[in-house]
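Reader: Can you walk me through this one? I want the ligand shells first, then the sheet.
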Amino acid sequence: MAHQVPDDGTLLPLMEEFYTIQGEGYNTGKAAYFIRLGGCDVGCHWCDVKESWDAELHPLTAADMIVANAKIHPSKAVVVTGGEPLIYNLDYLTAKLHEEGIKTFIETSGAYPLSGDWDWVCLSPKKFKAPMQNVADKAHELKVIIFNKSDFEFAEHNAKLVAPDCKLYLQPEWSKNKEMAPLIVEYVMNNPQWEISLQTHKYLNIP
Ligand SMILES: C[S@@+](CC[C@H](N)C(=O)[O-])C[C@H]1O[C@@H](n2cnc3c(N)ncnc32)[C@H](O)[C@@H]1O
Ligand SMILES: Nc1nc2[nH]cc(C(=O)O)c2c(=O)[nH]1
Ligand code: SF4
Ligand SMILES: [Mg+2]
């Protein structure tokens with residue numbers, strides 16, 4: 001049985017929250033408070049946070065408490081991730097963060113409809129559950145994970161779904177880094193509308 005998560009977004013299954021440096025994509029290198037919500041049914045076999053998948057393992061937590069924890073940190077930016085955060089209604093959380101003057105960033109597969117008011121949307125679409133067009137429309141950044149050669153085609157397919165000014169990133173799947181990095185380098189040199197995103201926090205050994 002799933003948690004009875006109220007649909008007003010006042011209670012959310014919280015896996016962990018931590019203050020760190022955004023490791024990936026356009027905002028790489030910027031300090032941010034991360035909020036990781038539990039629950040995901042997309043099923044990426046290479047997912048680096050499988051412990052997040054079962055929402056039941058993660059306590060329902062007041063969004064007000066999450067905001068109170070976020071606001072004591074020096075960076076006024078929050079990254080909401082998961083799991084798949086868009087399973088939940090994030091309107092209440094982002095409204096409260098904005099009331100505190102905190103910028104709202106999201107990491108999402110786009111598999112669920114967009115909720116919340118976002119200063120930055122990172123869409124990382126997955127073959128296993130296609131992204132919704134209303135998320136693609138709002139994406140500031142498209143970040144495609146390259147696990148094998150066929151993922152370049154998947155990346156181009158998704159690039160057609162996002163707005164013309166959306167930033168385009170290719171990010172090696174961590175375990176295939178050695179194999180895929182040279183192919184990504186070559187691809188970006190030939191297709192310079194794309195840029196490379198690395199999971200820099202893993203090189204730095206920080207969360
Ligand atoms: C764990 S996911 C959580 C947010 C959301 N479910 C999603 O997939 O976008 C956060 C980011 O990590 C990326 N990611 C997950 N596992 C990865 C891996 N093994 N190598 C590289 N990136 C990975 C995802 O594509 C996504 O951009
Ligand atoms: N430092 C750091 N940056 C990140 N950017 C996206 C992450 C995520 O798991 O969503 C992540 C993460 O887990 N850690
Ligand atoms: S969508 Fe995100 S959290 Fe879900 S399995 Fe894929 S990478 Fe992991
Ligand atoms: Mg991560």
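Reader: Start with ligand 3. How do the residues of the shell around ligand 3 divide by class?
Author: The shell around ligand 3 has 5 nonpolar, 5 polar and 2 charged residues. Ala, Val, Leu, Ile, Met, Phe, Trp, Tyr, Cys and Pro count as nonpolar, Asp, Glu, Lys and Arg as charged, and the others, Gly among them, as polar. This is a predicted model: local features need pLDDT of at least 70, side-chain atom pairs count only at pLDDT 80 or more, and totals for chains, interfaces and linings use all residues. Residues are numbered from 1 along each chain as its sequence is written, and chains are lettered from A and ligands numbered from 1 in the order in which they are written.

Reader: Which residues are around ligand 3?
Author: They are C40, V42, G43, C44, C47, V49, S52, G82, G83, E84, S109 and K126. A residue is near a molecule if its C-beta atom, placed from the backbone, lies within 6 Å of it.

Reader: Now ligand 1. Which residues come nearest?
Author: D48, E107, S109, S124 and W174, of the 18 residues around ligand 1. By class, that shell has 6 nonpolar, 7 polar and 5 charged residues.

Reader: Which strands supply at least two residues of that shell each?
Author: β4 (77–82), β5 and β7. Strands (E, at least two residues) and helices (H or I, at least four) are DSSP runs, numbered from the N terminus.

Reader: And ligand 2, what's around it?
Author: T20, I21, Q22, G23, E24, T81, E107, H201 and P207.

Reader: What does the UniProt "binding site" annotation cover?
Author: The unreviewed entry lists I21, Q22, G23, R36, T81 and P207. Such annotations may be inferred rather than shown by experiment.

Reader: Take G23. Buried or exposed?
Author: G23 counts as buried, because it has 21 C-beta neighbours inside 10 Å. The cut-offs: 20 or more other C-beta atoms within 10 Å is buried, 12 or fewer is exposed, and in between is partly exposed. G23 is in the loop between β1 (11–21) and β2 (31–37). Leaving out residues up to four places away in sequence, G23 touches T28, Q199, T200 and H201. Contact here means C-beta atoms, placed from the backbone, within 7 Å.

Reader: Where does P207 lie?
Author: In the segment after α6 (200–204). P207 has 13 C-beta neighbours inside 10 Å, so it counts as partly exposed. Beyond four places in sequence, P207 touches F18, T20 and H201.

Reader: Switching to the sheet. What order do the strands take?
Author: β3-β1-β2-β4-β5-β6-β7-β8-β9, 9 strands in an open sheet with mixed pairing. Two strands pair if DSSP finds at least two bridges between them.

Reader: Why do β3 and β9 each have one side without a neighbour?
Author: β3 (60–62) and β9 (194–196) stand at the edges with a single partner strand each, so one side of each has no neighbour in the sheet.

Reader: How do β5 and β6 pair?
Author: Strand β5 (residues 103–108) and β6 are parallel, over 4 bridges. The bridge partner of I106 is V121 in β6.

Reader: And over how many bridges do β6 and β7 pair?
Author: 2 bridges, also in the parallel sense. L123 stands opposite L142 in β7, and C122 has E141 as its bridge partner.

Note on methods: Two residues are in contact if their C-beta atoms, placed from the backbone, lie within 7 Å.
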